[in-house]
Amino acid sequence: MSAAPSVQPVPSPMAPGLRVGRAALAASFLLQGTTFALLVTCIPEIQHRYGLGDGLLPVFLAAVPILAGVGSILSEQLVKRTGARAVLRVVQPAVCLSLAGAGLGGSLWQLALALGAFGLLVGALDASMNMLGVGLQHRYGRSIMIGFHAAFSLGGILGAGIAGLGSHYDLGLPVLFGTAGAVIAPLAVLTGTSFAGPAELGDAVREAAEAADRSIPWRPLLPLCLAMACAYIADASVSNYSVKYLTDGLGSREDLAKLSYLGYMVAMLLGRALGDRAVQRFGAVAVVRGGAALAALGFGLAAVAPAAWAGIASFTVLGFGICAIIPQVFAAGGRLFPADSDAAVARLNLFNYAGFLIGSPLVGAVADASSYRWALLAPMLLVLAVLPLAERFAPAPVAPTTA
């Protein structure tokens, strides 16, 4: 690899290379949202194919975020040697192939191997995607990360819709996951050819990484960390158990049950599109407090839902609530440490994995001991814990100026 020149020209934020790189990364987020939705909405089919009991299911689901955390840490070392673009180009097609492996196996050890690979790779994918996104945002000089996560939500809608069609026409996991892997993997390779690199980003990725490594105190961030963990416990509960609750708890058809996650992701997408306007009008504290109350209401409505349609509507309500909390956690962390916002965001993002690690086993254990209706009350109580934390989302008061 040739040495970079000592001085690099800083491209204009609207340079064609940056625009193409931004669009390519948004497509990458969309493809990952599609892949993830296909996996989580087909959990009942995975159980049937591999004979995976309800008691063992939380173990498999908990292993994925644990391995994702390991993959995220390992990818940081790879990124230092090769760059975020190079890592992302390799791991995203590999994630698609691991999804295909989860549908093509026939033994429990094969499922464990496929999900283990999925977890490791998706951690590296998540880290490299966000590193590249932060680099682009650093070069643009304004917030563009919410758009990438909105693309992920759009991919989730697409994936849930494909899974629903697969169930409706009884395609089976080998056809559904195998076809998805065969289609999405080449698209990921094609998308990777347009990722922004050193010519467009310069030292933006390295500068953002150095900012994220700066030492900042933990204590002011702890209330926001707790809010982030509670939000992702709720998100993990919906991702892993909404479809299963409709099929096992409400007796829904599997194709109809997929609409629970689809409605949740539609609400997330719409909420992220309108969230900034709501904050500007009502303030961050009111939006977070209202989001937590709405999310808790969604869990409560789902727990007493009399039929599948009511469950779908309840999870849609829940999505509108959760979408308001997560972006505001990052925004509040950035306000606490305006000079080291990347470091604050990096620390807060750790509780994404913590929430998924707690959420899946928690709901699964309560459901195994009683029922899914009672299990939904556990994340409902945890998301209510965000209410007393809402004051922490208030912007810092502006110091009075003298004439």
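The structure holds 4 salt bridges, a salt bridge being a side-chain nitrogen of Lys or Arg within 4 Å of a carboxyl oxygen of Asp or Glu. This is a predicted model, in which local features need pLDDT of at least 70 and side-chain atom pairs count only at pLDDT 80 or more, while totals for chains, interfaces and linings use all residues. Residues are numbered from 1 along each chain as its sequence is written, and side-chain values use heavy atoms, without hydrogens and water.

Select Lys 258 and Glu 45. Their closest N and O atoms are 2.7 Å apart, in a salt bridge. Side chains of opposite charge can pair when their charged atoms come close. Lys 258 belongs to helix 11 (residues 254-282) and Glu 45 to helix 2, 213 residues apart. Helices (H or I, at least four residues) are DSSP runs, numbered from the N terminus.

Axes are lines fitted to C-alpha atoms over the stretch in contact, and angles run from 0 to 180 degrees between N-to-C directions.

Which residues make the contact of helix 2 and helix 7? Glu 45, Ile 46 and Arg 49 come from helix 2, and Leu 173, Pro 174 and Phe 177 from helix 7; contact means heavy atoms within 4.5 Å.

Next, select helix 5 (residues 108-140) and helix 6 (residues 145-168), which pack at about 145° with axes 9 Å apart. Here Asn 130, Gly 133, Val 134, Leu 136 and Gln 137 of helix 5 meet Met 145, Phe 148 and His 149 of helix 6.

Finally, show the surface and select Ile 66, Val 70, Leu 74, Leu 120, Leu 357 and Ile 358. They form a nonpolar patch with about 480 Å² of accessible area together. Such a patch joins nonpolar side chains (Val, Leu, Ile, Met, Phe, Trp, Tyr) within 5 Å, from residues with over 30% relative accessible area and no salt bridge; areas come from the Shrake-Rupley method with a 1.4 Å probe. Helix 3 gives the most, 3 residues.

Terms used:
Helix = DSSP H or I, 4+ residues; strand = E, 2+ residues; numbered from the N terminus. Patch = residues over 30% accessible without salt bridge, like charges linked within 9 Å, V, L, I, M, F, W, Y side chains within 5 Å.
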